[in-house]
Amino acid sequence: MKNKLHHDCEMFSTHYSVSLYAKKQYSLSCQCLSEFVSIDEIRKDIEDSIEAVDGLLMDLDKYISPQINKILRVNMRYFVPVYAYHLKFQFHIYRVLLRSMGRIVDLLNPLEIFFYERGLTSLITGKTTKFLTYFFPNIKKQAIHTSLPKNNITADKLGSLYSLFYRIYFKTKFGIIHPVQMMFDWLRTITRENKFSKTKQTVLIGWPLYEFEFLLTQLKKYNILYFSADKLYAPKEFKYKSVVKSKGLFDFSKVDEIYEKNPLMKLLLQDIKEDFYNNIDSHLNSLEMLKELDNVYSIVCGIWGLPPAFGLKSLIFEYLSHRKIEIIGRQHGSLQGVQYRPWQFDSEFLRCNYYLSYGFDRNDLKRVYPNKAFQVEVLPYGKPKSENKFISKREIDILFPMTNSLSIIDGGAARLPCDQLAQRQLELLEYLSSLKGFSVYVKLMVNSKNYQSCAVLPILEKKYNIKVVDNVSLTDFLSSYSPKIVIIEFVSTPLYDVLHLDSEIFLMDDPVHPYENNALHELQKRVHFADKTSEMIHMLDSFLKGDLKPKRDNTYKNHYLSKKNTSKKVDHFIHHLLTDK
């Protein structure tokens, strides 16, 4: 706006918040690139990314990993574990940008493109300039450089501190575990002077474990080796002195030759090389240290709470797999085992021997992925329950835990297009603001009352009869409030946070990652399910008028979420698995 570029330009953005902000603040048209891509194309690109990326990574493991293994004196993969998940995102982002910008260029035949220079993803290196130069070489380009004002950064930090202290008060007031105490307990756990014994066996834990922290009690008789925040926490008495240097002596020529005539794959290969050379020496030293720890203290098992999908963590668990050391993984959200999400299949179910699910079993997994082969043993032990010590809760009429907004170049390309998600939210907000005599709460993600995380913020801020909450998590909020109605406009983890409530649940579908038929059939016994916003509003209106029957069937919850004696089952399994070593 300061450069007045919009006077003679057509404006486009990668985030719908920019489109809505330009319209509301300046009465300017600014289309989001997601509007130029269809749901069918998104789904096709997801499938195409699997074959393309897996092929590239297998070639890299064929030609480059032997060079790495010669340094480490092992025989393990490097590129598949580190890049299989994130590179599919990168491939998909490039495809979406190519489709959308290609259509815009064909439509407008522009003489020049003005753009903001930034990384195309937060996952792997990739710059806007490189992408545009690569695929639109004949159009003049000019970068606009900008930085975040210092006062905004300070405000964000103050907001984070406010949120932290609000949560301390909020939780302590009602008797929940003090979050600061939890933080100190964790720091004390991983940095304690826990002297390892060579007579004890060792378990490697990828922290955090989330609801499975109770395992630490079961594992007290073992040495515990923690991996957290991209760091391996060795015992203080262990002195690692070796320094491994690759000297950058890796020959990519054979892989370069394979993809020389494929522009998109060639660009992806460049991205991988840059990331690879930035991290290879630190990864080699961490793996060498892990080898020495394993030789001295005998690692017998690995456990992760979040899948080892990228970076050093993926290599740590790949090493365990290479050593035939058994690995236990656990479910961490509501989408596994019920939705078709092929990118997650590799990182969730091919990187462990045992998978502790909330409820789905091997047969459920086979129904979701009928064409996938897997050896993992799925153990449907349930989701650990947190104790509820509250005496009373405040009743409210409607809760809308709104899904956060993502740019198409930062996680938003491979899900419901951001313009369509925003449209759902706008229509629901318009309806909710029209209700008279109802208490309506919109719950945003913690610290997300900003344009980057909430595309519809300019509209939401003007809905004065709607209360907006963003300083506590949804589970914390539900500890003090009891909603009669919960609206979920996009399938995500909040569904599992509210299934147990005595609330009416209204849920909209995810056309990009559809439910498996059996799971959807059971779910529709509990929730009012809609494909379109107009259908959702009609059902809400009917329920508020008393014309729609409540749904409280627990078939889905008992199948996919709630099991009895979860902690005891997990403890029993761990005990028998490790005592057999």
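This report describes side-chain contacts, backbone features and one group of strands in a predicted model.

## Basis of the description

The model is predicted, so local features need pLDDT of at least 70 and side-chain atom pairs count only at pLDDT 80 or more, while totals for chains, interfaces and linings use all residues. Residues are numbered from 1 along each chain as its sequence is written, and side-chain values use heavy atoms, with hydrogens and water left out.

Helices (H or I, at least four residues) and strands (E, at least two) are DSSP runs, numbered from the N terminus. Strand β16 covers residues 504-508, and five of its five residues are buried. Buried means under 20% relative accessible area, exposed means over 50%, and partly exposed lies in between (1.4 Å probe, protein chains only). In a regular strand the side chains alternate between the two faces of the sheet. In β16, Glu-504, Phe-506 and Met-508 are on one side, Ile-505 and Leu-507 are on the other, and both faces are covered.

Two strands pair if DSSP finds at least two bridges between them. β16 pairs with strand β15 (residues 481-488) in the parallel sense, over four bridges, and Ile-488 stands opposite Leu-507. Strand β17 (residues 528-530) also runs parallel to β16, joined to it by three bridges. Here Leu-507 stands opposite Phe-529. From β16 the chain passes through helix α18 (residues 517-523) to reach β17, in a right-handed β-α-β crossover. Right-handed means that, with the strands pointing away from the viewer, the path from the first strand over the helix to the second runs clockwise.

## Salt bridges

Side chains of opposite charge can pair when their charged atoms come close. A salt bridge is a side-chain nitrogen of Lys or Arg within 4 Å of a carboxyl oxygen of Asp or Glu, and the count by this rule is 25. One of them joins Lys-130 and Asp-271, with the closest N and O atoms 2.9 Å apart. Lys-130 is in helix α5 (residues 128-135) and Asp-271 in helix α10, so this pair ties together parts 141 residues apart in sequence. Lys-130 is partly exposed, at 23% relative accessible area, whereas Asp-271 is buried, at 0%.

A salt bridge also joins Asp-256 and Lys-273, at 2.7 Å between the closest N and O atoms. Asp-256 belongs to helix α9 (residues 253-258) and Lys-273 to helix α10, 17 residues apart in sequence. Arg-424 and Asp-509 meet at 3.0 Å, N to O. This pair links helix α14 (residues 418-434), which holds Arg-424, with the loop between β16 and α18, which holds Asp-509, across 85 residues. Arg-424 is buried at 8% relative accessibility, and Asp-509 is buried at 14%. Salt bridges that share partners join Glu-41, Lys-44, Asp-45, Asp-48, Arg-95, Arg-99 and Arg-103 into one network.

## Aromatic rings

Rings of Phe, Tyr and Trp (its six-membered ring) pair if their centres lie within 6.5 Å; planes under 30 degrees apart count as stacked, over 60 as edge-to-face and the rest as tilted. The whole structure has 38 aromatic pairs. Among them, Tyr-78 and Phe-276 are edge-to-face, 5.5 Å from centre to centre and with 85° between the planes. Tyr-78 is in the loop between α3 (65-72) and α4 (79-108), and Phe-276 is in helix α10 (residues 263-297), 198 residues apart. Tyr-78 is buried at 3% relative accessibility, and Phe-276 is buried at 0%. Ring pairs also link Trp-304, Tyr-340, Phe-345, Phe-349, Tyr-355, Phe-360, Tyr-369 and Phe-374 into a cluster.

A charge sits over a ring if NZ of Lys or CZ of Arg is within 6 Å of the ring centre and within 35 degrees of the ring normal. Lys-383 sits over the ring of Tyr-358 in this way, 5.7 Å from its centre. Arg-415 lies over the face of Phe-490, 5.4 Å from the ring centre.

## Cysteines and backbone

A disulfide is a pair of cysteine sulfur atoms within 2.5 Å, and the count is zero. For Cys-418, the nearest cysteine sulfur is that of Cys-32, 3.4 Å away.

Trp-207 and Pro-208 are joined by a cis peptide bond, with omega about 5°. Pro-208 lies in the loop between β5 (202-206) and α8 (215-218). Ala-229 has a positive phi near 50°, and Asp-230 has a positive phi of about 65°. Ala-229 is exposed at 66% relative accessible area, and Asp-230 is exposed at 52%.
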